[in-house]
Amino acid sequence: MKILLVTLLHPLPTNAARGTFVADHAQLLRDMGHDVRIVNPLPRLLKYMEQSRSTLTGVAKAPKYFEHNEFEIHAPRYIAYTDHPYPWLTARSIRNRRRSIEKWLGDWRPERIITHTLWPVGELARSLSWRWNVPWTGVVHGHDVDVGLTHSTTGKRIKSLMESANSMVFVSERLRTTAESAEVQTKKAYTIPCHSEMDEEWARSMKKWNGRWRRESIDILFPADPRRPEKNHYLALQAGEILERRGWIVGMTTLKQQPRSIVWDRMIVADVTLITSQRESGPLVARESILCGTPVVSTNVGDVATYLPKEFVIDNPTPEALANACEAALEKDWQRSPVKLPQRVSSRMVSQQWSSLLQGLEEEE
């Protein structure tokens with residue numbers, strides 16, 4: 001099947017950490033035997049504007065065409081302003097990229113369009129769907145539902161995109177129920193998580209920490225860019241400060257725009273991965289940390305409560321509660337009771353779900 005993947009987020013030549021979940025999905029679709037092309041529209045901005053958000057790093061000077069994992073990527077530019085005060089302008093600008101996309105594709109035309117995130121790339125996906133008379137599927141990872149639906153300027157447009165798509169995929173059941181509670185009436189709704197797999201080079205079994213209690217150096221991994229406010233880096237620092245008061249020598253490692261191989265290396269050497277986010281769709285880093293053999297302590301976000309032991313999922317996060325959970329993670333014998341990720345996040349199960357979805361669209365035609 002010919003599939004056009006339209007995405008707001010995708011790894012860039014100078015920011016390999018950006019949108020890795022989309023690159024993983026493209027690879028999964030190709031492994032399933034589909035012919036996949038990728039369009040990654042990027043906003044026009046100056047270099048200094050990249051500082052406003054870590055996901056914008058590398059956008060200002062990104063080339064119009066580049067290659068990633070043997071995929072050719074087309075990155076047309078559109079006009080957008082911070083916080084989208086004029087959503088009609090952004091929507092019109094991104095829809096006007098159709099001609100450049102058709103020129104890039106040549107005679108190739110997709111049978112399906114899949115868009116990762118909805119605003120504003122869903123406007124382009126919907127426009128191309130009408131132009132080529134092919135079905136399109138929207139994939140929501142968090143922001144569109146958690147923030148976008150209630151946004152004063154983009155909320156109505158995001159709801160319209162969800163309701164006009166031939167099918168909607170939510171990466172967690174929480175996102176799906178949140179959209180339903182906002183009275184979004186989708187034609188078809190599916191819950192399909194992002195898959196999690198680990199290369200053999202980095203895969204490790206979980207082991208009990210060995211060292212002098214409260215007199216040893218420990219490495220805590222904060223698996224996010226501290227500049228992103230929703231990641232709540234300050235809370236992690238407060239938890240680390242309490243651990244130091246108890247006698248630990250705490251080192252805290254953060255992740256910014258590192259390639260995944262470096263991310264996994266840092267997960268392997270860490271003693272505990274600490275997630276203090278206020279909202280997440282996965283988070284994928286929690287699963288990857290477990291596959292690397294490192295225990296995870298997390299606020300109750302995303303789907304962590306479905307596989308992490310209860311004592312390591314903090315409902316009312318305070319620095320003391322997180323510090324206590326970190327010590328419990330160091331003390332626990334993980335070899336006797338390892339964390340097992342649910343089968344639903346394996347590449348085999350996710351592939352089956354996407355096959356069922358795409359076949360269902362095919363039967364409708």
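This is a predicted model: local features need pLDDT of at least 70, side-chain atom pairs count only at pLDDT 80 or more; totals for chains, interfaces and linings use all residues.
Q: At what distance from the ring centre does Arg 30 lie over the face of Phe 71?
A: The cut-off for such an arrangement is 6 Å from the ring centre. Arg 30 lies over the face of Phe 71, and the distance from the ring centre is 3.7 Å.

Q: Which geometry, stacked or edge-to-face, does the pair of Trp 213 and Trp 248 have?
A: By the ring-centre rule, the count comes to six aromatic pairs. Among them, Trp 213 and Trp 248 are 5.0 Å apart from centre to centre, with 80° between the planes. Planes over 60 degrees apart count as edge-to-face, so the pair of Trp 213 and Trp 248 is edge-to-face.

Q: How many residues apart in sequence are the parts that Trp 213 and Trp 248 tie together?
A: Trp 213 belongs to the loop between β10 (189–191) and β11 (217–222). Trp 248 belongs to the loop between α8 (233–245) and β12 (249–254). The pair therefore ties together parts whose separation in sequence is 35 residues.

Q: Is Trp 248 buried or exposed?
A: Buried means under 20% relative accessible area. Trp 213 has 36% relative accessibility and counts as partly exposed. Because Trp 248 has 2% relative accessibility, Trp 248 counts as buried.

Q: Which residues do ring pairs link into a cluster with Trp 248?
A: Trp 248 forms an edge-to-face pair with Trp 213. Ring pairs link Trp 248 into a cluster with Trp 209 and Trp 213.

Q: Is Asn 40 buried or exposed?
A: Asn 40 is found in the loop between β2 (35–39) and β3 (42–43). Leaving aside neighbours within four places in sequence, the contacts of Asn 40 include Leu 8, Leu 12, Phe 66 and Ile 73. Since the relative accessibility of Asn 40 is 0%, Asn 40 counts as buried.

Q: Which residue's backbone oxygen does the side chain of Asn 40 reach?
A: The contacts of Asn 40 beyond four places in sequence include Thr 7, Leu 8 and Leu 9. At 2.9 Å, the side chain of Asn 40 reaches the backbone oxygen of Thr 7.

Q: Which residue in β5 is the bridge partner of Ile 38?
A: β2 and β5 pair in the parallel sense, over two bridges. The partner of Ile 38 in β5 is Ile 73.

Q: Which residue in the hairpin of β4 and β5 takes a positive phi?
A: Four bridges join β4 to β5, which run antiparallel, and Glu 67 stands opposite Glu 72 in β5. The hairpin has two residues between the strands. The residue with a positive phi near 50° in this hairpin is Asn 69.

Q: What relative accessible area does Asn 133 have?
A: Asn 133 is found in the loop between α4 and β8 (136–140), with a positive phi of about 55° although it is not a glycine. Exposed means over 50% relative accessible area. Asn 133 is exposed because its relative accessible area is 67%.

Conventions. Residues are numbered from 1 along each chain as its sequence is written. Side-chain values use heavy atoms; hydrogens and water are left out. Buried means under 20% relative accessible area, exposed over 50%, partly exposed in between (1.4 Å probe, protein chains only). A polar contact is a pair of N or O atoms within 3.5 Å; within protein, one must be able to donate a hydrogen and the other to accept it, and residues adjacent in sequence count only if both atoms are side-chain atoms. Contact means heavy atoms within 4.5 Å. Rings of Phe, Tyr and Trp (its six-membered ring) pair if their centres lie within 6.5 Å; planes under 30 degrees apart count as stacked, over 60 as edge-to-face and the rest as tilted. A charge sits over a ring if NZ of Lys or CZ of Arg is within 6 Å of the ring centre and within 35 degrees of the ring normal. Two strands pair if DSSP finds at least two bridges between them.
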